[in-house]
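I begin with a contact between charged side chains and then move on to the core and the pocket.

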Amino acid sequence: MRKPPFPKSVGNAIRGVIWMLKSERNFQLEVLALVMNIFLIIFLKLNPHDAALILIVCFAVLSLEILNTCVEKICDIIQPEFDIRVKIIKDIAAAAVLLMALASVAVGVLVYWKYVF
């Protein structure tokens, strides 16, 4: 199978993001957090280094949420009925998102602290 041309690949990725925005509540909340952070970056006039740190952790959370959703959808296809092994897999994928979200909060506190106080 041939790989699609680059513009088509980008279009496919954009459709994936749109699907996540329409279908996944957690992703919607995380995008809201990204928008709030972009506002804070502009309002507080963060230096480029601090702005980059904030954006990196925001996009890391969004990326892990997408991967978590992929794991869940694949598990649901492979095993539609309840299976404790599938539950563990899904819980582990969700834990990855949780850990990155906690790390992003820590980064946010450390970065924004010096701009607010």
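1. With which residue does K90 form a salt bridge? The partner is D76, and the closest N and O atoms of the two residues are 2.5 Å apart; a salt bridge here is a side-chain nitrogen of Lys or Arg within 4 Å of a carboxyl oxygen of Asp or Glu. The pair links distant parts of the chain, since K90 belongs to helix α4 and D76 to helix α3, 14 residues apart. Helices are DSSP runs of H or I with at least four residues, numbered from the N terminus.

2. On the basis of these values, please note that this is a predicted model, in which local features need pLDDT of at least 70 and side-chain atom pairs count only at pLDDT 80 or more, whereas totals for chains, interfaces and linings use all residues. Residues are numbered from 1 along each chain as its sequence is written, and side-chain values use heavy atoms, with hydrogens and water left out.

3. The classes are buried for under 20% relative accessible area, exposed for over 50% and partly exposed in between, computed with a 1.4 Å probe on protein chains only.

4. The whole structure holds four salt bridges, and another of them joins K114 to D50, with the closest N and O atoms 3.1 Å apart. Because K114 lies in helix α4 and D50 in helix α3, this pair ties together parts that are 64 residues apart in sequence. K114 is exposed at a relative accessible area of 51%, while D50 is buried at 3%.

5. A salt bridge also forms between the side chains of D83 and R85, at 2.7 Å from N to O. Here D83 counts as buried, at 12% relative accessibility, and R85 is exposed, with a relative accessible area of 58%.

6. The largest nonpolar core has eleven residues, among them M20, F27, I54, C58 and V111; such a core is a set of buried Ala, Val, Leu, Ile, Met, Phe, Trp, Tyr and Cys residues joined through side-chain atoms within 4.5 Å. Two or more of its residues come from each of α2 (25-43), α3 (48-78) and α4 (84-116), and α3 gives the largest share, with four residues. When residues up to four places away in sequence are not counted, V111 touches L46, D50, L53 and I54, where contact means heavy atoms within 4.5 Å.

7. The largest pocket has a volume of about 270 Å³, and 15 residues line it, of which A33, N37, C58, S104 and V105 are the closest to its centre. On a 1 Å grid over the protein atoms alone, a pocket is an open set of points where a 1.4 Å probe fits, with protein on both sides within 12 Å along at least five of seven lines, and lining residues have an atom within 4 Å of a point. The volume is the space filled by probe spheres set on the points, which are joined across faces, edges and corners.

8. As for that lining, α2, α3 and α4 each supply at least two residues, and α4 gives the most, with six. The lining divides into eleven nonpolar residues, three polar and one charged.

Key: Ala, Val, Leu, Ile, Met, Phe, Trp, Tyr, Cys and Pro count as nonpolar, Asp, Glu, Lys and Arg as charged, and the others, Gly among them, as polar.
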